Amino acid sequence: MHRLISRLAINKPTINSLMKIKTRSQSSSPVKTPNKNFSSAAAAEPFLNGGTSNYVEEMYNAWLEDPKSVHASWDAFFRNAAAGAAPGTAYQPPPSLAPPASNTLPLSSLVPSGAAGFPVAGGNLTEKIIDDHLAVQAIIRSYQSRGHHISKLDPLDISDASSSGGKELVYRNYMLGNFKSSIFPFSDTSSNLYEIRGHNIADLDPLGINSADLDDSTPMELIYKSYSFEEHDMDRVFKLPATTFIGGKEKALPLKEILKRLEDAYCRSIGVEFMFINSLEQCNWIRQKMEPPGITNMDAETKRLILGRLTRASGLEAFLAKKWSSEKRFGLEGCEILIPAMKQLIDRSTEYGVESIIMGMPHRGRLNVLANVCRKPLEQIFSQFAALETADEGSGDVKYHLGTYIERLNRMTNKNIRLAVVANPSHLEAVDPVVQGKTRAEQFYRGDNEGKKVMSILLHGDAAFCGQGIVFETFHLSDLPDYTTHGTVHIVVNNQIGFTTDPRHSRSSPYCTDVARVVNAPIFHVNADDPEAVIYVCNVAAEWRATFHKDVVIDLVCYRRNGHNEIDEPMFTQPLMYRKIKQTKPCLDKYSAKLITEGVVSQEEVKDVKEKYERICEESYQKAAHATQIKYKDWLDSPWSGFFEGKDPLKMNPTGIHEETLRHIGKRFSSPPPNAAEFEIHKGLERILKARMDMVENRTVDWALGEAMAFGSLLKEGIHVRLSGQDVERGTFSHRHHVLHHQTVDKAKYTPLCNLYPDQAPYTVSNSSLSEFGVLGFELGYSMTNPNALVCWEAQFGDFNNTAQCIIDQFISSGQAKWVRQSGLVLLLPHGMEGMGPEHSSARLERFLQMSSDDADDVHTSFSSNFDVEQLHDINWIVANCSTPANYYHILRRQIALPFRKPLIIMTPKSLLRHPEARSSFDEMVTGTTFQRVIAEPNEGRNYRKLIFCSGKVYYDLRKARADRGLENEIGIARLEQISPFPYDAVQAETSKYPSAQIMWAQEEHKNNGAWTYVQPRFNNLLHGDIKYAGRATAASPATGSKHQHLKEVAQLLDDAFA
């Protein structure tokens, strides 16, 4: 007893008093004090001090007599002290009616009130209880964050050789002892339960091949780390935190049920990555879609619909394989569920108001998508397998690269839908930004500022999705104001293999979809052999896009039943995988058996659906057998309704305009904002605007003013103008200044060209991300949507176009020939040898000329009145190197004046932007003037001994050198402004003026660069002579990095030209 009382450690008189009280009342006290020592020291219990000793003794004495006679807090204190509570823990404050302080939570909220195994009023809330609840919350978060790693995603079910048990990826380090239960049937003496990687054991791989999406070196302790539960804890009830919805209407569940529901939500056929998203609202939205019990269940009617669509997808592949067994078609076998998935995605998106969907995809499954998603007539598809003559112009493309455009009724929603599949080359993922640009343009012209009516769907292969950099570039456009499409649904057909390369050698990331994490896109991995899981994910993806207007990724983990194509042998490189594939039943067989077992359909119904679709295919096959021609126009992905009808295909509208319009645009472009007193612009810009106004008053323009007048006049005519690229708002060389910025107010801007006329067309000028491939592809797609728009992409320096070479080669130069698709896209490429080194000099003019489709040997001797337009009609694109602002103005306006559309490649200047002689008069721009393909020597009538042809900036160097040498009467200089198509008529007209003159070509580029190799045979064939060359010698690098060498080369060029 002395030891018990002394533990109070109050002071000597108090101890003595308590001892006496305790001794005196021991025989009559109704309270039986446990045979334990008090452990509450005075230092730990601050109210135990000498000043309160009498009060404490009274309370203690009263408590011994009758515990109910003292306040509940004293009762709790004495009971806890008698029970051996640790110092500082015996005292429990009474409950408070006041709200909890900021960032605090009452301990009682951690446990369900009155739950079995938990204290009620007056009981103890121990540290273990708190720790256990925190552990449960951590387990829940672990499943949410990483449950997808253990989902059952592999249809082939090939076990992971690196793991002794998939679920151990989740369960280790959370369970103590040799624990085994019906939910978690494994035993491990060191295992606990789940840390943050539950998705690591999601059953995602239909093949079950070691989940190729996992890093084999990942330790097994992935989910349950540092929290310990024993088997008897499984029946304990835990209160569910607000960050989970597994309880449905229940607020607390036994641990066993919590774990079961978490596994059902995150570790079955769907694995979700979303916890990296930095929006609580979006994370909770996904939790609500994945966690409530039974939320993925589907009714019988939906199951029958899935079966019917899956039957048609499988039936088409079987029919094609039977009829054309040795043809490449890049079939969908192994991922037939893609077709029901896309149709469900379209159906659900249509319900949310989408009216138009633009799709881009690789070759695998394209024919099936065209037939069963877009409903392209089967006979047109089957005709592509026959070697038929074409009924229209163009070289065409293989059937699995072609696109289409369909307007049809969606039978599920009874709403009209427009579907476009964009044609694309074999260059995987190159079509991605093209689709986004086309989508953005359609949204723009519809006034769909939130993307509610127009959306894009991009299909990918697993190897390309993680391997091609254009995927990353495209993702980074997704949230930029002038490039966003307000959410794209990405579907990855994850074969778990590239051509012949398995994921261990094709990527460094755990998943092929990890690139999507950079834009906070949720990623749904799903086993492609679980059709209902796939369809549910598509519903969620469609709703996500409609709700948040952000990107989302569906990763269909599947397999490729054949090799890379139907005639490829995959056993050479993946023998184990393909042995397993051969043993795996098709998804249709599995799902049919499942529904028959469930009583949803009968065996006869399954057979009837198959036979009905086969009859449809056979009937279309018979129709295709009677076809004698194929039409490329049947596969056009971007039709321009009404654009070509009623037009003379060789009549071009004038490009000159009234002088009053030039003056109006010039003055508006040269003026500060209307509220100039409040809008503070840079002092340097004030000088630039004043200089522009002076030019307008003097009826002259420089390069920037000429461009603005071209843009402004088109805007006046109702033509939308879009200028995009790196730093285009100001201009790389600080010459344009289309956007004026307030110097003291952030985001306060003024764009003069947006304020020319009250009824003008919109003008868009946008600095792009630091991307060429992605942004040029985007602008190409934008230009495909509406022919009545001028879409321009400007490279920061012309050299940088080579990082977008794929778009230039595969789409721009050859798009019309392959896909009957026109585009009026303008490429502005700063070009000129000015001593700036190898990377800031050449826009590689020679490459564009080499890809021009005119024939140097096809020499014209007679020329019609429309010869210039005929040439433009027949060429694949136009290549120009203008030397005056007026000609630049005219060639931009000519893009819209033509009765057709052709890409325009312009070598734009750098030093000429401010060159005092590079000015044009209004007289060269007004009504009656036009683009000059060749600018003649102005001093006609002289008997020149030499006539030099040149192009671009070098003209001003030649003219100055001629004046310095006093050779104005001996040597003439003409400018070839349009290089391709080669203006035979204009060149002949100029050379005929000087029949005795020697013809020379002068260029600043090296001999193996520039226009020389293009113009030489054309001059020679036209003039039946040998044109001379003046310029730099051949070189591997486009320019020297030495200023001294540069000047030496310029001097040599001029000496050669005037020799």
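Reader: How many helices and strands does the chain have?

Author: The model is predicted, and its chain contains 32 helices and 30 strands.

Reader: What share of the residues is buried?

Author: Buried means under 20% relative accessible area. Of the 1059 residues in the chain, 58% are buried. The accessible surface comes to about 43,200 Å², and carbon and sulfur atoms hold 50% of it.

Reader: What share of the contacts joins residues 24 or more positions apart?

Author: Take the contacts with a separation of 6 or more; residues 24 or more positions apart account for 80% of them.

Reader: What makes two side chains a salt bridge?

Author: A side-chain nitrogen of Lys or Arg has to lie within 4 Å of a carboxyl oxygen of Asp or Glu.

Reader: Where do Lys260 and Asp264 sit relative to each other?

Author: Both belong to helix 7 (residues 255-266); they are four residues apart, so about one helical turn separates them. Lys260 is partly exposed at 38% relative accessible area, and Asp264 is partly exposed at 34%.

Reader: Which salt bridge links distant parts of the chain?

Author: Asp637 and Arg821 form a salt bridge with an N to O distance of 2.7 Å. The two are 184 residues apart: Asp637 lies in the loop between strand 14 (629-630) and helix 20 (659-669), and Arg821 in the loop between helix 25 (815-819) and strand 21 (826-830).

Reader: Are Asp637 and Arg821 buried or exposed?

Author: Asp637 has a relative accessible area of 1%, so it counts as buried. Arg821 is buried as well, at 6%.

Reader: What is the N to O distance between Lys1028 and Asp1026?

Author: The distance in this salt bridge is 3.9 Å. Lys1028 is partly exposed at 35% relative accessibility, while Asp1026 is exposed at 54%.

Reader: Which residues form a positive surface patch?

Author: A patch is made of residues with over 30% relative accessible area and no salt bridge. Arg312, Arg411, Lys612 and Arg615 form a positive one here. Arg312 is placed in helix 9 (residues 300-323) and is partly exposed, with 31% relative accessibility.

Terms used
Residues numbered from 1 in each chain as written. Predicted model: local features only at pLDDT ≥ 70, side-chain atom pairs only at ≥ 80, totals over all residues. Heavy atoms only, no water. Patch = residues over 30% accessible without salt bridge, like charges linked within 9 Å, V, L, I, M, F, W, Y side chains within 5 Å. Areas by Shrake-Rupley, 256 points an atom, 1.4 Å probe, with all protein chains shown as cover. Lys, Arg positive; Asp, Glu negative; His and termini not counted. Charge placed at Lys NZ, Arg CZ, Asp CG, Glu CD. Buried < 20%, exposed > 50% of the residue type's maximum accessible area, 1.4 Å probe, protein only. Contact = heavy atoms within 4.5 Å.
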